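Q: Please pick one part of this model and go through it closely. Give the cut-off for each term as it comes up.

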Amino acid sequence: MISVHDTGYAGAPGELAAFRERFSHCLTSRADALSDLADAVLCADGPVTSLAELSLIPEHRRGHGAGYDAINHGHIQIDRLRTTLARLPLPRAANGRIALAVDVSHWLRPDARCSPER
């Protein structure tokens, strides 16, 4: 079993480890705690409703106080994160074509404002 904290593997786990390192460089303060929060959110079984709940997930290696401190005092360099995400390799199918998933479900908003002629 490969943990999100493992590094040095070839293939997809190696790409994940490289991305995690580049992601951590986007975090200026409280980087370790913010990184743990991100891991916990991604590994949670469902919607996250509180920071204290994240401290119960094994990938979050700190107490819930560190999560609150990271949210209150941590910072993310948005431009650096955009660049990091833009440099990710595109997913490819077996035939080499780009494979993307799109959610085409609509979200009903009966109270939304719109043009009268629509």
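A: Cys 43 counts as partly exposed because its relative accessibility is 30%; buried means under 20% relative accessible area, exposed over 50% and partly exposed in between, with a 1.4 Å probe and protein chains only. The model is predicted, so local features need pLDDT of at least 70 and side-chain atom pairs count only at pLDDT 80 or more, while totals for chains, interfaces and linings use all residues. Residues are numbered from 1 along each chain as its sequence is written, and side-chain values use heavy atoms, with hydrogens and water left out.

Helix α2 covers residues 31–43. Helices here are DSSP runs of H or I with at least four residues, strands are E runs of at least two, and both are numbered from the N terminus. The expected span of a helix is 1.5 Å times one less than its number of residues. For the 13 residues of α2 this gives 18 Å, and the end C-alpha atoms are 18 Å apart, which agrees.

Ala 33, Leu 34, Ser 35, Asp 36, Leu 37, Asp 39 and Ala 40 are the buried residues of α2. In an α-helix there are 3.6 residues a turn, so residues three or four places apart point the same way.

Arg 30 is not a glycine, yet its phi is positive, about 60°. Most residues other than glycine have a negative phi. With 38% relative accessibility, Arg 30 is classed as partly exposed.

Another cysteine, Cys 26, is buried, with a relative accessible area of 0%. The disulfide count is zero, a disulfide being a pair of cysteine sulfur atoms within 2.5 Å.

A pocket is an open set of points on a 1 Å grid over the protein atoms alone, where a 1.4 Å probe fits, with protein on both sides within 12 Å along at least five of seven lines; lining residues have an atom within 4 Å of a point. Ten residues line the largest pocket, with Leu 16, Phe 19, Arg 20, Asp 39 and Leu 42 nearest its centre. Its space is about 170 Å³, a volume being the space filled by probe spheres set on the points, which are joined across faces, edges and corners. Both α1 (12–24) and α2 supply at least two lining residues.
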